[in-house]
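Subject: A structure to look at, with notes

Dear colleague,

My notes follow below it.

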Amino acid sequence: MSHVFPRHTKAKLATAVAGDGPYIIDSGGKRYLDACGGAAVSCLGHSNEVVREATKVQLDKLAWAHTSFFTSEPAEQLADMLIERAPEGINRVYFVSGGSEATEAAMKLSRQYFLEKDEPNRRHIIARWQSYHGNTLGALAAGGNRWRRKQFEPFLTAAMHHIDPCYHYRWADAGETPQAYGLRMANQLEDKIIELGEDSVAAFIVEPVVGATLGAVAAEAGYFRRIREICDKYGVLLILDEVMCGMGRCGTLFASEAEGIAPDMVCIAKGLGAGIQPIGATLVSAKIYSAIEQGSGFFQHGHTYLGHAAACAAGVAVLQEMERNSLLANVNAMGAKLKSALEARFGQHPNVGDVRGRGLFLGVELVADKNTKAPFNPSLKLHADIKKRALASGLMVYPMGGTVDGLAGDHVLIAPPFIITEAHIEEIVEKLDIAVSGALKAAKAA
Ligand SMILES: Cc1ncc(COP(=O)(O)O)c(C=O)c1O
């Protein structure tokens, strides 16, 4: 009997024992093409020797030294590399161990920043419905995914407020252009700030491309420029949660590069350690850092494994691998091919409403009726059946339910390693088609 507490106690999981490029191999020798990087994590696949070696070298020197006593060479080097490549104005890196820690740190820092500036009234954070910012209580409260929030609602702070996502396919008015819709959605931020009190909001936290909860939904052109303007007008900090969509996943190292705006803070994780080491980071602007430096001199936050040396060494090697092998070019080239292949296979499908995304961060939304966009009955758990069938055929994808409003709707998120080739694309599309067809047939028969 296993003593591991699994996510799903009723699921019978295979044991993963090895990796081979974009494949995971189980103890029975079965190979699974990882078309979702687990959860958009494994950007270099599962057998990258360079990052493994760099991690081992650091482990042999020094695995970890507590950050209340020391900095470390890998932390300094990785921070330099990130800042060199970061959006304008960002100049400090606060290293953590994952995405939830990165968003928690950003939100707490927004509060402390305003205390340092003697603006204690700034006590609200605004986020968007249908976003995901992590599972710790602060991150969960900021997140706008109803089924994830529901049972923990009594524990979630009332300091978090929500506006609608920018999700044109489903929520634009009839005939409304993407630009007009994007502007209308961005203006909800201004309305919310005014409703809460013009000088009472500390930060707005948002995923540039919504991952797990919406299935790779990017905002319409102009949305983020308007968001930046509103934040500037009311002195609200803009926190971009690039935990899933950043670190090259969308074809640029930082997802915000495509929006032409610079955030005040940006949260990264997942691809930064490529799954080889657990690492995340909150990158902050000079303005925020200097408020702390010239104020209390102490960010009142922290975790034991901040700036873990072996994890930072892996991060350095991941960035070097990406650049040495021109992987962002491959993300763009293979991303375009994968998207076209998905459109060709599923674009006319009566139960596929939308194929979307950027780079190697793509989503397929399933609908019961293509014309009305009506979702399948959530009790069918179509997304779970697609995942099960894909896995049976040796394909890992990341389907999720609640796409429409956190309760109904199904999508499949596809986020393969940056090293995939055209042959892998064919395998993804073939196996996904089999899984989707089988699940749809079963759902219609139910
Ligand atoms: C956008 C976003 N933010 C935060 C997180 C939380 O990251 P972690 O699971 O590493 O805590 C996730 C995880 O999926 C995410 O997608």
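Which atom of the ligand does a polar side-chain atom of K270 lie 2.9 Å from? It is an oxygen atom of the ligand. Please keep in mind, as you look at this contact, that the model is predicted, with a pLDDT that averages 97 over the chain and reaches at least 70 in 100% of the residues.

K270 is one of the residues that surround the ligand, and among the others are G98, G99, S100, Y132, H133 and D241. Taken alone, the ligand exposes 390 Å², of which the protein buries 82%.

Turning to the sheet, you will find that it is open and has 7 strands with mixed pairing, in the order β4-β12-β11-β10-β7-β5-β6. Because β4 (90-96) and β6 (160-163) stand at the edges and have a single partner strand each, one side of each is left without a neighbour in the sheet. From one strand to the next, the twist averages 20 degrees.

Within this sheet, β7 (residues 201-206) and β10 (residues 237-241) are paired in the parallel sense over 4 bridges, and A203 has L237 in β10 as its bridge partner. Helix α10 (residues 286-294) packs on the sheet and touches β4, β10, β11 and β12, its direction making about 85 degrees with that of β12. Helix α8 (residues 178-196), in turn, lies across β5, β6 and β7, and runs at about 145 degrees to β6.

Conventions:
Residues are numbered from 1 along each chain as its sequence is written. This is a predicted model: local features need pLDDT of at least 70, side-chain atom pairs count only at pLDDT 80 or more; totals for chains, interfaces and linings use all residues. Side-chain values use heavy atoms; hydrogens and water are left out. Two strands pair if DSSP finds at least two bridges between them. Helices (H or I, at least four residues) and strands (E, at least two) are DSSP runs, numbered from the N terminus. Axes are lines fitted to C-alpha atoms, for helices over the stretch in contact, and angles run from 0 to 180 degrees between N-to-C directions. Contact means heavy atoms within 4.5 Å. pLDDT is the predictor's confidence in each residue, from 0 to 100. A residue is near a molecule or strand if one of its heavy atoms lies within 4 Å of it. A polar contact is a pair of N or O atoms within 3.5 Å; within protein, one must be able to donate a hydrogen and the other to accept it, and residues adjacent in sequence count only if both atoms are side-chain atoms. Accessible areas come from the Shrake-Rupley method with a 1.4 Å probe; for residues, only the protein chains shown count as cover.
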